[in-house]
Amino acid sequence: MFHVEAIRFESPEGTSEQFYCLDAPDWINVIPLTLDGNVVLLRQYRFGVEAFTLEIPGGMCDPGESPRAAAARELREEAGCEAAELIDLGWVHPNPAIQGNRCHTFLAQGAVRVGPPEPGEHEAFELIETPLSTIPDLIRSSAISHALVITAFHLLSARSFSDR
(Lines give C-alpha, C1' and ligand atoms only; values in the text may rest on other atoms or scores of the structure.)
Protein backbone atom coordinates (compact mmCIF):
# COMPACT_ATOMS: atom_id res chain seq x y z
CA MET A 1 0.00 0.00 0.00
CA PHE A 2 2.87 2.37 0.74
CA HIS A 3 6.52 2.53 1.63
CA VAL A 4 8.29 4.75 4.12
CA GLU A 5 10.72 7.31 2.79
CA ALA A 6 13.29 9.14 4.95
CA ILE A 7 13.77 12.82 4.07
CA ARG A 8 16.44 15.07 5.55
CA PHE A 9 15.33 18.67 6.11
CA GLU A 10 17.75 21.50 6.74
CA SER A 11 16.29 24.66 8.21
CA PRO A 12 17.47 28.17 7.27
CA GLU A 13 19.07 28.30 10.74
CA GLY A 14 21.27 25.33 9.82
CA THR A 15 19.64 22.62 11.92
CA SER A 16 19.01 19.30 10.27
CA GLU A 17 16.34 16.72 11.01
CA GLN A 18 15.13 13.54 9.42
CA PHE A 19 11.43 13.17 8.62
CA TYR A 20 9.52 10.17 7.39
CA CYS A 21 6.93 10.28 4.64
CA LEU A 22 4.62 7.63 3.21
CA ASP A 23 4.93 7.11 -0.52
CA ALA A 24 1.57 5.80 -1.77
CA PRO A 25 -0.25 5.64 -5.09
CA ASP A 26 -3.17 7.95 -5.74
CA TRP A 27 -6.49 6.84 -4.28
CA ILE A 28 -10.04 7.19 -5.55
CA ASN A 29 -13.50 7.41 -4.01
CA VAL A 30 -16.74 6.93 -5.93
CA ILE A 31 -20.19 8.13 -4.89
CA PRO A 32 -22.59 5.70 -6.61
CA LEU A 33 -25.86 7.57 -7.15
CA THR A 34 -28.69 5.41 -8.49
CA LEU A 35 -31.37 6.57 -10.88
CA ASP A 36 -33.82 6.88 -7.97
CA GLY A 37 -31.47 9.12 -5.94
CA ASN A 38 -29.98 6.56 -3.57
CA VAL A 39 -26.32 6.28 -2.62
CA VAL A 40 -24.79 2.81 -2.51
CA LEU A 41 -22.75 2.54 0.71
CA LEU A 42 -20.52 -0.24 1.98
CA ARG A 43 -20.67 -1.39 5.59
CA GLN A 44 -17.18 -2.73 6.12
CA TYR A 45 -15.07 -3.81 9.11
CA ARG A 46 -11.98 -1.64 9.52
CA PHE A 47 -9.11 -2.93 11.64
CA GLY A 48 -7.73 0.54 12.44
CA VAL A 49 -10.84 1.46 14.43
CA GLU A 50 -11.88 -2.14 15.20
CA ALA A 51 -15.42 -1.39 14.08
CA PHE A 52 -17.72 -1.34 11.09
CA THR A 53 -17.79 1.85 9.02
CA LEU A 54 -20.10 3.20 6.33
CA GLU A 55 -18.13 4.12 3.24
CA ILE A 56 -18.36 4.53 -0.50
CA PRO A 57 -16.41 2.40 -2.97
CA GLY A 58 -12.78 3.38 -3.10
CA GLY A 59 -9.26 2.15 -3.40
CA MET A 60 -5.88 2.67 -4.98
CA CYS A 61 -5.00 3.42 -8.57
CA ASP A 62 -3.07 0.50 -10.01
CA PRO A 63 0.29 1.30 -11.69
CA GLY A 64 -0.40 3.10 -14.97
CA GLU A 65 -4.14 3.31 -14.26
CA SER A 66 -5.88 6.68 -14.52
CA PRO A 67 -8.07 7.82 -11.61
CA ARG A 68 -11.16 7.58 -13.86
CA ALA A 69 -10.34 3.98 -14.83
CA ALA A 70 -9.68 3.11 -11.17
CA ALA A 71 -13.03 4.64 -10.21
CA ALA A 72 -14.89 2.54 -12.78
CA ARG A 73 -13.04 -0.59 -11.65
CA GLU A 74 -13.68 -0.01 -7.93
CA LEU A 75 -17.35 0.80 -8.60
CA ARG A 76 -17.73 -2.55 -10.34
CA GLU A 77 -15.67 -4.54 -7.83
CA GLU A 78 -17.10 -3.10 -4.62
CA ALA A 79 -20.68 -2.19 -5.55
CA GLY A 80 -21.31 -4.45 -8.54
CA CYS A 81 -22.33 -1.30 -10.44
CA GLU A 82 -21.61 0.53 -13.64
CA ALA A 83 -22.60 4.14 -14.25
CA ALA A 84 -23.96 6.11 -17.16
CA GLU A 85 -21.48 8.86 -16.32
CA LEU A 86 -18.44 9.30 -14.06
CA ILE A 87 -18.14 12.94 -13.07
CA ASP A 88 -14.80 14.14 -11.69
CA LEU A 89 -15.55 16.08 -8.48
CA GLY A 90 -11.91 16.94 -7.73
CA TRP A 91 -9.12 15.71 -5.50
CA VAL A 92 -7.57 16.34 -2.09
CA HIS A 93 -4.26 15.52 -0.42
CA PRO A 94 -5.18 12.92 2.25
CA ASN A 95 -2.40 14.06 4.62
CA PRO A 96 0.15 16.44 3.08
CA ALA A 97 2.23 16.44 6.27
CA ILE A 98 3.46 12.92 5.52
CA GLN A 99 2.00 11.91 2.13
CA GLY A 100 2.30 13.25 -1.41
CA ASN A 101 -0.53 11.30 -3.02
CA ARG A 102 -4.01 12.49 -3.93
CA CYS A 103 -7.50 11.12 -3.35
CA HIS A 104 -9.70 11.69 -6.41
CA THR A 105 -13.49 11.69 -6.05
CA PHE A 106 -15.99 10.77 -8.77
CA LEU A 107 -19.77 10.83 -8.85
CA ALA A 108 -21.14 7.71 -10.56
CA GLN A 109 -24.32 9.27 -11.96
CA GLY A 110 -26.97 6.70 -12.86
CA ALA A 111 -25.27 3.78 -11.11
CA VAL A 112 -26.98 0.46 -11.83
CA ARG A 113 -26.24 -3.01 -10.53
CA VAL A 114 -24.80 -5.23 -13.25
CA GLY A 115 -23.68 -8.11 -11.04
CA PRO A 116 -22.53 -9.08 -7.59
CA PRO A 117 -19.65 -7.24 -5.93
CA GLU A 118 -16.24 -8.85 -6.33
CA PRO A 119 -14.41 -8.08 -3.07
CA GLY A 120 -10.69 -8.69 -2.76
CA GLU A 121 -9.48 -11.63 -0.72
CA HIS A 122 -9.14 -9.49 2.44
CA GLU A 123 -12.42 -7.61 2.00
CA ALA A 124 -15.93 -8.36 3.22
CA PHE A 125 -18.76 -5.87 3.22
CA GLU A 126 -22.50 -5.39 3.05
CA LEU A 127 -24.11 -3.03 0.52
CA ILE A 128 -26.66 -0.53 1.82
CA GLU A 129 -28.67 1.92 -0.28
CA THR A 130 -29.81 5.13 1.33
CA PRO A 131 -31.33 8.33 -0.07
CA LEU A 132 -28.75 11.02 -0.81
CA SER A 133 -30.78 13.33 1.44
CA THR A 134 -29.89 11.19 4.51
CA ILE A 135 -26.11 11.59 4.08
CA PRO A 136 -25.81 14.83 6.13
CA ASP A 137 -27.54 13.14 9.09
CA LEU A 138 -25.29 10.08 8.76
CA ILE A 139 -22.26 12.39 8.88
CA ARG A 140 -23.60 14.45 11.82
CA SER A 141 -24.30 11.28 13.82
CA SER A 142 -20.83 9.88 12.98
CA ALA A 143 -22.40 6.87 11.29
CA ILE A 144 -20.16 8.02 8.42
CA SER A 145 -16.86 8.87 10.10
CA HIS A 146 -14.23 8.24 7.40
CA ALA A 147 -12.64 11.62 6.68
CA LEU A 148 -12.14 10.97 2.95
CA VAL A 149 -15.74 9.80 2.55
CA ILE A 150 -16.97 12.97 4.27
CA THR A 151 -14.68 14.96 1.97
CA ALA A 152 -16.20 13.20 -1.06
CA PHE A 153 -19.70 14.27 -0.02
CA HIS A 154 -18.44 17.81 0.61
CA LEU A 155 -17.01 17.91 -2.93
CA LEU A 156 -20.39 16.74 -4.25
CA SER A 157 -22.18 19.38 -2.17
CA ALA A 158 -19.81 22.11 -3.34
CA ARG A 159 -20.40 21.13 -6.96
CA SER A 160 -24.18 21.02 -6.47
CA PHE A 161 -24.07 24.43 -4.81
CA SER A 162 -22.01 25.95 -7.63
CA ASP A 163 -24.38 24.49 -10.24
CA ARG A 164 -27.34 26.44 -8.79
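By class, 18 nonpolar, 11 polar and eight charged residues make up the lining of the largest pocket. Here Ala, Val, Leu, Ile, Met, Phe, Trp, Tyr, Cys and Pro count as nonpolar, Asp, Glu, Lys and Arg as charged, and the others, Gly among them, as polar. A pocket is an open set of points on a 1 Å grid over the protein atoms alone, where a 1.4 Å probe fits, with protein on both sides within 12 Å along at least five of seven lines; lining residues have an atom within 4 Å of a point.

The model is a predicted one: local features need pLDDT of at least 70, side-chain atom pairs count only at pLDDT 80 or more, and totals for chains, interfaces and linings use all residues. Residues are numbered from 1 along each chain as its sequence is written, and side-chain values use heavy atoms, leaving out hydrogens and water.

How much space lies in the largest pocket? About 1,200 Å³, a volume being the space filled by probe spheres set on the points, which are joined across faces, edges and corners. Among the 37 residues lining this pocket, Met1, Arg46, Glu55, Gly59 and His146 are the closest to its centre.

Now follow Met1, which sits in the segment before strand E1 (3-10); strands are DSSP runs of E, at least two residues, numbered from the N terminus. Met1 counts as exposed because its relative accessibility is 74%, and exposed means over 50% (1.4 Å probe, protein chains only).

Within strand E1 you will find Glu5. Its C-alpha atom is 6.1 Å from that of Leu22, 17 residues apart along the chain.

Methods. Helices (H or I, at least four residues) and strands (E, at least two) are DSSP runs, numbered from the N terminus. Buried means under 20% relative accessible area, exposed over 50%, partly exposed in between (1.4 Å probe, protein chains only).
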